[in-house]
Amino acid sequence: MVVKGKYEYKYLALNLKASVVKRFRSFAKKIAGSQSEALEKMINFFEWHGFKPNDRFADSILEEIRKNRKRTEANIAILRDIEVTQTKPSNTMLLSLFGENLRQQEPVRREKKFVEKPKRPQKEIDTTVPKIRYERLQEEMKRLSQDFDYVLGKARLVKSSFGKPYLKLEISSSELARYRRKASKIISGE
């Protein structure tokens, strides 16, 4: 409101019943520092949550529950996707790393398979291993099987409320790094 083109008032007046004003002032003291802040918080609450004072409150709550259910179902779908694309392949790699025999399922094909032409027979290479190397390999295999037994002992089945249960390794990060180094040495053939 402008008075004679010079001043602008920051406050405007509302005409309210005296009983409503008294009740509002006591309520405003509980929730905010000033009456303007209290009224603004109340208006924001109704606008943000989509409530209307004349509507039945139960209907609005049911709408919120439906929205939350949709969000929860979307989160479950995301978690299942993570399980399929990340957790299961990682678990498979860990099992193959520790020598677990995996059943590989061949995909079912409905079309005809190509028959490869027979290759020329290659000369068979004589693969003999010196006795010392053989004994070292046996010792290394024994250590690996002990490590594998230890890691399997630290694996715990976790039953999730979302999706299938999964395995959790209860080992420290330093132990995990040590097993990774061992595995990389074995793979590289050192």
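This is a predicted model: local features need pLDDT of at least 70, side-chain atom pairs count only at pLDDT 80 or more; totals for chains, interfaces and linings use all residues.
Reader: Happy with that. In what order do the elements of the chain run?

Author: Helices (H or I, at least four residues) and strands (E, at least two) are DSSP runs, numbered from the N terminus. Here there are five helices and four strands, and from the N terminus the order is β-β-α-α-α-α-β-β-α.

Reader: How should I check the span of a helix, say α2?

Author: The expected span is 1.5 Å times one less than the number of residues. Helix α2 (residues 35–49) has 15 residues and should span 21 Å, which agrees with its end C-alpha atoms being 21 Å apart. Just after α2, G50 has a positive phi of about 70°. Helix α4 (residues 131–153), with 23 residues, reaches 33 Å from first C-alpha to last, close to the 33 Å expected.

Reader: Which residues in α4 are buried?

Author: Buried means under 20% relative accessible area, exposed over 50%, and partly exposed in between (1.4 Å probe, protein chains only). In α4, D147, F148 and V151 are buried, and the buried residues of this helix pack against β3 (155–158), β4 (166–169) and α5 (173–188). Across the chain of 190 residues, buried ones make up 7%.

Reader: At what angle do the axes of α4 and α5 cross?

Author: Two packed helices are described by the angle and the distance between their axes. Axes are lines fitted to C-alpha atoms, for helices over the stretch in contact, with angles from 0 to 180 degrees between N-to-C directions. The axes of α4 and α5 come within 12 Å and cross at roughly 145°. Their contact (heavy atoms within 4.5 Å) involves E140, L144, D147, Y150 and V151 of α4 with E175, Y179, K182 and I186 of α5.

Reader: Why is the pair of F45 and F46 edge-to-face?

Author: Rings of Phe, Tyr and Trp (its six-membered ring) pair if their centres lie within 6.5 Å; planes under 30 degrees apart are stacked, over 60 edge-to-face, and the rest tilted. The structure holds one aromatic pair. The ring centres of F45 and F46 are 5.6 Å apart and their planes lie at 75°, so the pair is edge-to-face. F45 is partly exposed because its relative accessibility is 37%, and F46 is partly exposed at 33%.

Technical notes. Residues are numbered from 1 along each chain as its sequence is written. Side-chain values use heavy atoms; hydrogens and water are left out.
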